[in-house]
Amino acid sequence: MSIRLFPPAPDLRNQIEMCWIVDPHANGHSHVIHRHEVFPSSGMDLVFRFSEGGARMVVLGPRTQRATVELDSSATYMGVRFRTGRALQLADITPQEVLNAKVEIDRIRGVDIGLVAEQLADKKHTAKAEHLENLLRGLTPLMQSESVLNALAQIEAGSGLVRVHDIASMQHVHSRTVERWFREHLAMSPRQCIRLIRFNSLLTLLRSGRMRTLADLAYTCGYADHAHMCKEFKQLTGITPKALTPDYTGRIHSTPKTAILHRYKA
């Protein structure tokens, strides 16, 4: 499995964290289903599959725990990872409906996904990502609470090193009000959201290779110490930080130990 990452267009960076494409397996001429474990995430994903068997588009909601997804080795997958709380209104859904779940959609901006697949078929990877971005431009944000957006900006600015009390003080409200905001608009508690944003910062730094030691990484990401970081990482991923090598794909070769969030469907 080959994964390629693309930065979003400048005008979409406030909503989109990244675009990605998974190429078919080198020998994937038949429909061989592979299972992969995915990590928790505070953001939503738009995932588009197209192959000889047909096209499919789903929205994967935020995940507070790791989950299993099924991939067709002969298909191409494209995705957009939205920043926390910045997903666009791709369908008539609420944050509560997609938390640790998925929703299938059959059209985007009124365009049937079968037609989208035809339009993407002969394009190169960069052009595919640009075409998908064009379909997203101008869509209404799913979550429009300025209070929550300001709180998220505060959390992200501190890479997750923020307490609920700090958010409440900055917003001049009680901590219980912040709790209510997050559960209403993100379907998560603020503590869950802070934990996942900090974990995302940890993953980004770990994959970048910029930290010389795990102790430096723990300090930078605000964990009490190296042991605390490793314990939380293992709780969220099921692996140790050292196991997250550049070629790690989360491929499962036996019965999944986590819930199957996304099943292959022809």
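Helices and strands here are DSSP runs, numbered from the N terminus; a helix has at least four residues and a strand at least two. By that count, helix α7 gives the most to the lining of the largest pocket, with eight residues. The model is a predicted one.

**Largest pocket**
- The volume of the largest pocket is about 1600 Å³.
- Its lining has 49 residues, and Leu-5, Met-18, Trp-20, Arg-81 and Arg-207 lie nearest the centre.
- Elements that give two or more residues to this lining include β1 (2–6), β2 (16–23), β7 (76–82) and α7 (190–208).
- By class, the lining holds 26 nonpolar, 13 polar and 10 charged residues.

**Second largest pocket**
- The second largest pocket has a volume of about 200 Å³.
- It is lined by 14 residues, with Glu-37, Arg-251, Ile-252, Ser-254 and Lys-257 closest to its centre.
- Its lining divides into four nonpolar, six polar and four charged residues.

**A four-stranded sheet**
- Four strands form an open sheet in the order β11-β3-β6-β12, and the pairing is mixed.
- Strands β11 (251–252) and β12 (260–262) are the edges, each pairing on one side only.
- Strands β6 (residues 67–72) and β12 run parallel and are joined by two bridges.
- Thr-68 has Ile-260 in β12 as its bridge partner.

**Helix α3**
- Helix α3 (residues 125–136) has 12 residues and should span 16 Å at 1.5 Å a residue; its end C-alpha atoms are 17 Å apart, so the two values agree.
- Buried residues in α3 include His-125, Lys-128, Leu-132 and Leu-136.

Key:
Residues numbered from 1 in each chain as written. Predicted model: local features only at pLDDT ≥ 70, side-chain atom pairs only at ≥ 80, totals over all residues. Heavy atoms only, no water. Pairing = 2+ DSSP bridges. Expected span 1.5 Å × (residues − 1). Buried < 20%, exposed > 50% of the residue type's maximum accessible area, 1.4 Å probe, protein only. 1 Å grid on protein atoms, 1.4 Å probe; cavity = no way out; pocket = protein on both sides within 12 Å on 5 of 7 lines; lining within 4 Å. Points joined across faces, edges and corners; volume = space filled by probe spheres on them. Nonpolar A, V, L, I, M, F, W, Y, C, P; charged D, E, K, R; others polar.
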